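Morning, everyone. I'll walk through it piece by piece.

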Amino acid sequence: KKSMPLFGKKVMVTAGPTYEVIDPVRFIGNHSSGKMGFAIADELVKLGADVTLVAGPTSLQADKTLKRINVVSALDMFNACTSIFSETDITVMCAAVADYRPKTVANQKIKKQDGDFILELEKTTDILASLGKSKKSNQILVGFALETNDEENYAKGKLEKKNLDLVVLNSLNDKGAGFKSDTNKITIFNKALEKTAFELKSKAEVAKDICEAILKITK
Ligand code: C5P
């Protein structure tokens with residue numbers, strides 16, 4: 001039992017980028033590889049949890065025993081997350097979700113024209129903030145923050161605004177941290193805004209640190 005401290009707990013993890021379709025051949029995406037979220041999902045499986053991984057487009061493979069829901073767009077991810085969230089004990093939102101999507105999707109490939117091209121974008125729903133609003137007191141919600149400047153203040157702001165229990169900050173200013181790399185350097189803030197800073201480590205080791213912080217607040 002000691003090696004399976006999350007046995008019986010229902011956990012959801014989001015990972016990877018989202019793709020927002022422009023026309024049949026183009027999309028708006030981002031550099032998220034999904035590696036951090038997949039490492040967290042795999043670690044949560046090892047701790048005994050019943051894990052559902054909601055994954056954006058990535059070629060990564062996760063532990064075969066977990067449930068995986070593949071999604072493409074921010075809207076797909078929102079729908080998958082909101083249909084599962086109320087049943088989860090712990091949710092870790094690691095995906096790099098698009099903040100904007102094309103306002104209209106062209107049915108045919110948009111042809112090259114003379115001069116500039118303006119693409120109108122509309123806001124997507126902030127999935128994490130939306131889950132934070134419906135969160136019950138027995139649920140744990142963990143978010144990520146990736147910032148380039150004034151990162152600690154933004155991270156703490158997100159914790160409060162999105163009603164999180166933990167926020168994991170990774171800065172693009174740290175060498176070897178972030179997108180495609182196999183390593184990451186994180187700082188975790190809890191609800192009391194207490195800060196724990198970690199060294200640069202492999203994403204598998206970082207996943208262990210994040211899960212340990214989750215275990216500390218697991219009810
Ligand atoms: O505010 P920001 O987008 O930087 O917050 C990042 C956190 O919010 C991450 O945990 C990310 O997974 C989540 N997020 C989300 N839905 C969005 C945007 C971000 O769940 N539309």
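First, a definition. A residue is buried if 20 or more other C-beta atoms lie within 10 Å of its own, exposed if 12 or fewer, and partly exposed in between, with C-beta atoms placed from the backbone. Now the ground rules. This is a predicted model, where local features need pLDDT of at least 70, side-chain atom pairs count only at pLDDT 80 or more, and totals for chains, interfaces and linings use all residues. Residues are numbered from 1 along each chain as its sequence is written.

Start with Leu159. Is Leu159 buried or exposed? Leu159 has 23 C-beta neighbours inside 10 Å, so it counts as buried. Leu159 sits in helix α4, residues 151-161. Helices here are DSSP runs of H or I, at least four residues, strands are runs of E, at least two, and both are numbered from the N terminus. Which residues does Leu159 touch, leaving aside neighbours within four places in sequence? They are Leu164, Val167 and Phe189. Contact means that the two C-beta atoms, placed from the backbone, lie within 7 Å. Lys109 is 50 residues from Leu159 along the chain, and their C-alpha atoms are separated by 41 Å.

Next, the strands around β4. Strand β4 covers residues 50-55, and five of its six residues are buried, so the rest of the structure largely encloses it. Strand β1, residues 10-15, runs parallel to β4, joined by six bridges. For pairing, DSSP must find at least two bridges between two strands. Thr14 is opposite Val54 of β4. Strand β5, residues 67-70, is also parallel to β4, with four bridges between them. There, Thr52 has Lys67 of β5 as its bridge partner.

Now the core. The largest nonpolar core has 55 residues, and Val13, Ile40, Ala41 and Leu44 touch the most other members. Such a core is a set of buried Ala, Val, Leu, Ile, Met, Phe, Trp, Tyr and Cys residues joined through C-beta atoms within 7 Å. Helix α1, residues 35-46, gives the most to this core: seven residues. Take Ala41. Beyond its neighbours within four places in sequence, Ala41 contacts Val13, Ala15, Val51, Leu53, Ala62, Asp63 and Leu66.

On to helix α3. Its buried residues are Ile127, Leu128, Leu131 and Gly132. Looking down the α3 axis, the buried residues fall within an arc of 135°, so they line one face of the helix. That arc is taken from the directions from the helix axis to the C-beta atoms. On the other side of α3, Lys133 and Ser134 are exposed. What covers the buried residues of α3? The cover includes α2 (74-84), β6 (90-93) and β9.

Strand β9 has partners too. β6 and β9 pair in parallel over four bridges, and Thr91 is opposite Leu141 of β9. Strand β10, residues 166-171, runs parallel to β9 through six bridges. In that pair, Ala145 faces Leu169 of β10.

Last, the ligand. Which residues come nearest to the ligand? Of the 15 around it, they are Met93, Val97, Ile127, Leu128 and Gly143. The elements giving two or more residues to this shell are α3 (127-134) and β9 (140-147). β9 gives the most, with three residues. Near means a C-beta atom, placed from the backbone, within 6 Å of the molecule. By class, the shell has nine nonpolar, three polar and three charged residues. Here Ala, Val, Leu, Ile, Met, Phe, Trp, Tyr, Cys and Pro count as nonpolar, Asp, Glu, Lys and Arg as charged, and the others, Gly among them, as polar.
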